[in-house]
Amino acid sequence: MTRPDDHSRPLAGAPERPSGGIAARALAARGGPAAMREANYLANLNPEQRAAVETTEGPVLVLAGAGTGKTRVLTTRIAHILASRLAYPSQILAVTFTNKAAREMKTRIGLFVGAEVEGMPWLGTFHSIGVKMLRRHAELVGLKTNFTILDTDDQIRLMKQLIQAENLDDKRWPARTFANMVDGWKNKGLKPEEIPEGDARAFANGKGRQLYAAYQERLKSLNAADFGDLLMHPIAIFRAHPDVLADYHRRFRYILVDEYQDTNVAQYLWLRLLAQRSRRTGDDTDEPINVCCVGDDDQSIYGWRGAEVDNILRFEKDFPGAAVIRLERNYRSTAHILGAASHLIAHNEDRLGKTLFTDAGIEPDHEKVEVNAAWDSEEEARAIGEEIEQLQRRGHKLNDMAILVRASFQMREFEDRFVTMGLNYRVIGGPRFYERLEIRDALAYFRCTVQPADDLAFERIVNTPKRGLGDTTVRLLHDHARAKGIPLMAAAAEIAATEELKSKPRRALDDLTKNFARWASLLANTKHTDLAEMILEESGYTEMWQNDRSAEAPGRLDNLKELIRSMEPYDSLPGFLEHVALVMDAEQNADLDAVSIMTLHSAKGLEFETVFLPGWEEGLFPHQRSLDEGGRSGLEEERRLAYVGITRAKQRAKLWFVSNRRIHGLWQSTIPSRFLDELPEDHVEVKEANSSYGGYGRGGMGGYGASRWDADAFSTTSYQTPGWKRAQAARAAETRPDTAWGSRSGHKERAISYGDQGVSGSDVRRSNRETDLAAKADRYARMSEERAQGGSGTAMPSNGFAGRLERSGRGVYEPASGGGRGSNRPPSRGLGLNAAARDGGPREIEGTLVAKSVATEESRFKVGDRVFHLKFGNGSVAAVEGNKLTIDFDRAGQKRVLEGFLQDA
DNA sequence: GAGGTGTTCCTTTTT
DNA sequence: GGAACACCTC
């Protein structure tokens with residue numbers, strides 16, 4: 001591993017800027033050398049970090065690799081600015097993406113400078129700072145200062161109304177899809193009149209633009225803003241009102257941005273407006289722009305929601321003369337883990353290039369990155385569960401272990417397993433507290449109390465609990481409200497005072513509106529928690545759940561109590577609601593020792609002693625959809641995700657892949673991820689999948705291969721082990737495309753080709769186990785033979801990338817029976833056909849094509865033949881209909897399967 | 001208006 | 001397989 005010594009080299013050809021020079025001068029001018037000497041917080045920094053902290057003047061880009069002390073640099077930098085009296089706390093704008101990051105920064109700066117953090121009003125997330133600015137200038141975009149912030153759910157309901165108002169089929173044009181589109185536009189900073197023509201046409205027969213504009217109008221009339229607006233509006237304000245912008249220019253002396261690689265266009269525009277100026281202060285000198293962005297292009301994993309890596313790649317152009325500082329000295333992981341991660345990420349082309357290194361050498365007790373194989377996802381969960389217990393027995397804390405999955409459906413298997421085992425776990429980033437139904441209902445009540453004009457909140461709870469105020473009544477309210485230009489609540493009150501409704505709904509409306517009026521009158525002089533409780537009681541909401549017999553009702557009641565409790569720290573109901581709108585997460589209890597389960601995405605920024613990375617299979621990871629929709633850049637983002645995953649580990653990274661996984665309810669055979677191929681041999685140990693042979697399934701814990709985790713088993717296996725060979729063999733089988741996820745075929749083909757392989761009885765997997773295991777060895781042997789004939793399946797790091805990409809471009813899977821065209825068909829043709837069907841063609845065509853190819857063939861099996869099936873083992877043919885066969889399996893019972901999955905026994 | 005049944009979808013997710 | 005949603009019936 002090389003150790004770059006020029007830690008502040010520019011990105012590309014830009015003149016080197018003397019790092020520290022200006023800073024030193026500034027320091028001398030303002031704080032004097034004494035400030036430097038006293039600054040013992042600098043002593044703990046390495047030279048690169050120190051440069052990042054001390055280069056206070058002018059634009060700075062800090063490329064901070066995983067585990068190189070990014071947060072430390074950011075916080076120390078702020079502390080340094082404060083301690084050196086370069087700026088007051090209120091003159092520093094520091095933005096993060098998540099509340100968690102903001103909180104952490106606040107805490108850590110507090111450790112340096114004490115109470116001064118309280119005075120850092122401009123440290124927060126993009127959105128919270130956006131709200132703050134917007135509340136100050138709301139009238140400039142036609143809002144009132146007390147505008148409400150809509151969450152996604154409100155947003156979708158609103159859009160649905162608009163779509164229906166246009167007489168569009170809201171099934172054909174779902175509000176959710178439209179919400180995503182609008183989100184995407186806002187991420188790009190585009191107003192309705194600015195969206196590309198193509199986008200505008202794409203939705204609702206060309207009504208996209210019109211709907212977007214109508215939506216914005218609706219928001220304005222509701223005095224509401226969605227998340228995107230929290231940045232869009234400030235941008236519009238800055239552009240239209242230079243005086244406002246100039247005011248912020250005067251205010252902020254330093255701007256710091258965390259996770260710069262994740263910024264989207266809107267955030268970028270917002271930042272640039274704030275940061276790009278010749279600062280004209282009273283003394284009329286142009287000072288340089290002191291913007292400091294910290295990020296890691298290798299950890300950019302949010303492209304799919306609008307993040308533009310390009311922002312970080314382009315930093316020097318945007319801010320000429322920028323100092324670029326690379327942090328490459330890693331303090332987190334062992335050399336094996338770093339070696340594996342670095343080698344993997346080196347397969348990406350679009351990167352600024354960093355090489356992580358560690359000062360710690362390779363110690364004998366450092367474990368290599370492990371690659372493990374399992375038969376199916378159940379075994380994977382079981383084996384990982386047992387390994388966790390082993391580690392626990394050796395004294396490791398569960399809190400130090402994490403399972404990082406690509407997709408959340410993978411979590412379930414682990415949860416099931418851990419529940420059975422009695423192993424503590426916590427799921428991070430599951431359904432968020434404030435997104436729960438009962439919480440949202442309760443919040444809607446509070447919103448209506450605080451803000452009677454909040455129509456969306458009103459609609460949400462007008463008939464919850466049931467009050468006999470159904471569609472008819474609500475429509476009447478709408479009409480009345482619209483006709484008179486008043487909010488729903490007011491309309492309700494008016495209508496309740498007339499004879500327009502029958503007595504029952506009229507009475508209900510009257511009660512409801514009077515209740516809200518009464519609660520509102522209590523706002524000023526009642527403790528907010530008491531009031532909240534009162535509202536839930538008196539509205540009948542609590543009672544509704546008390547009377548609910550369903551299993552989740554008690555939990556919901558608990559959540560409501562928790563909600564009231566979480567309001568304690570706030571001083572008013574409105575204050576609490578503002579917080580909730582921006583902070584959707586709730587703290588988890590950290591006292592419990594538990595394994596963390598989370599997605600790779602939510603693992604960014606975290607670290608664990610031991611990290612389990614299951615599901616490294618083609619199609620799942622890299623995810624098929626990323627490949628289909630993102631092409632090469634999609635693949636690269638997946639690879640960055642893999643990089644993020646591995647670099648979460650301090651001591652141990654354990655990768656897993658399985659041969660069979662159930663996807664959308666169907667069992668599918670899978671092949672190891674190409675990313676496994678891209679790992680360097682030196683730092684990786686391929687574990688033997690001895691569960692295939694051990695007494696697995698004979699019940700009892702450790703039933704399969706207790707030796708597996710013995711010290712001996714950790715010894716010198718490598719790429720020559722049976723495990724690796726099997727992996728390669730399985731991969732080689734890809735040349736004859738017989739796996740669903742490995743192919744580029746769309747969903748439709750998969751569903752049809754594999755439809756009959758689904759397991760109908762839930763008992764099958766268990767009863768089938770022994771068969772599976774015997775079959776496994778068999779199957780691998782077959783694969784090896786095929787591999788011998790079919791050329792090398794090896795893809796070594798240097799060339800593996802290109803090879804794999806090409807190979808993934810295959811045609812529709814065709815069952816391998818009767819010498820079908822599947823394997824012989826030229827890839828290009830297959831791909832073209834697929835791509836056309838997938839991208840443009842009507843779905844019907846796609847279905848027909850495939851259905852035809854599957855259905856017209858005659859079976860080569862006849863009743864009575866003995867057959868072998870990968871999942872169900874051996875059996876005999878009971879009936880034949882075209883290529884669909886009914887098989888009496890020896891262990892799995894009778895199944896209907898596609899011929900393509902059968903072989904001669 | 002409520003409750004039961006059919007249909008469709010299925011990556012990642014913050015604010 | 002299963003959740004979420006839409007539609008349909010009583």
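Is asparagine 223 buried or exposed? With a relative accessible area of 9%, asparagine 223 is buried. Keep in mind as you look around that this is a predicted model.

You'll find asparagine 223 in the loop between H10 and strand S5 (224–225). Its phi is positive, about 55°, although asparagine 223 is not a glycine.

Look for glutamate 259 in the loop between S6 and H13. Glutamate 259 counts as buried because its relative accessibility is 15%, and the cut-off for buried is under 20%.

## The annotated binding site

Now for something that comes from a record. An unreviewed UniProt entry carries the annotation "binding site" for Ala64, Gly65, Ala66, Gly67, Thr68, Gly69, Lys70 and Thr71. One of these, alanine 66, sits in the loop between strand S1 (60–64) and helix H4 (70–83). At 1% relative accessibility, alanine 66 counts as buried.

Lysine 70 makes a salt bridge with aspartate 258, and their closest N and O atoms are 3.3 Å apart. This pair links distant parts of the chain: lysine 70 belongs to helix H4, while aspartate 258 is in the loop between strand S6 (254–257) and helix H13 (265–275), 188 residues apart. Both lysine 70 and aspartate 258 are buried.

One of the pairs is glutamate 197 with arginine 209, whose closest N and O atoms are 2.9 Å apart. Glutamate 197 is in helix H9 (residues 197–202) and arginine 209 is in helix H10 (residues 208–221), so this bridge ties together parts that are 12 residues apart in sequence. Glutamate 197 is partly exposed at 43% relative accessibility, and arginine 209 is partly exposed at 23%.

Another bridge joins the side chains of glutamate 609 and lysine 650, at 3.5 Å from N to O. Here the partners lie in strands: glutamate 609 in S15 (residues 608–613) and lysine 650 in S16 (residues 649–663), so the pair ties together parts 41 residues apart in sequence. Glutamate 609 has a relative accessible area of 22%, which makes it partly exposed. Lysine 650 counts as partly exposed too, at 23%.

A network of them links Asp151, Asp153, Asp154, Arg157, Arg440, Asp441, Arg447, Asp454 and Arg460.

## Cis prolines

Which peptide bond has an omega near -5°? That's the bond from threonine 464 to proline 465, and it is cis. Proline 465 lies in the loop between helix H20 (455–461) and helix H21 (471–484).

The bond from phenylalanine 621 to proline 622 is cis as well, with omega near 5°. Proline 622 is in the loop between S15 and helix H29 (624–646).

Helix H24 (residues 528–538) supplies the largest share of the patch, three residues. Aspartate 530 is in helix H24, and at 40% relative accessibility aspartate 530 counts as partly exposed.

Terms used
Residues numbered from 1 in each chain as written. Chains lettered and ligands numbered in written order. Predicted model: local features only at pLDDT ≥ 70, side-chain atom pairs only at ≥ 80, totals over all residues. Heavy atoms only, no water. Helix = DSSP H or I, 4+ residues; strand = E, 2+ residues; numbered from the N terminus. Buried < 20%, exposed > 50% of the residue type's maximum accessible area, 1.4 Å probe, protein only. UniProt positions renumbered as here; feature names shortened; annotations may be inferred. Salt bridge = Lys/Arg side-chain N within 4 Å of Asp/Glu carboxyl O.
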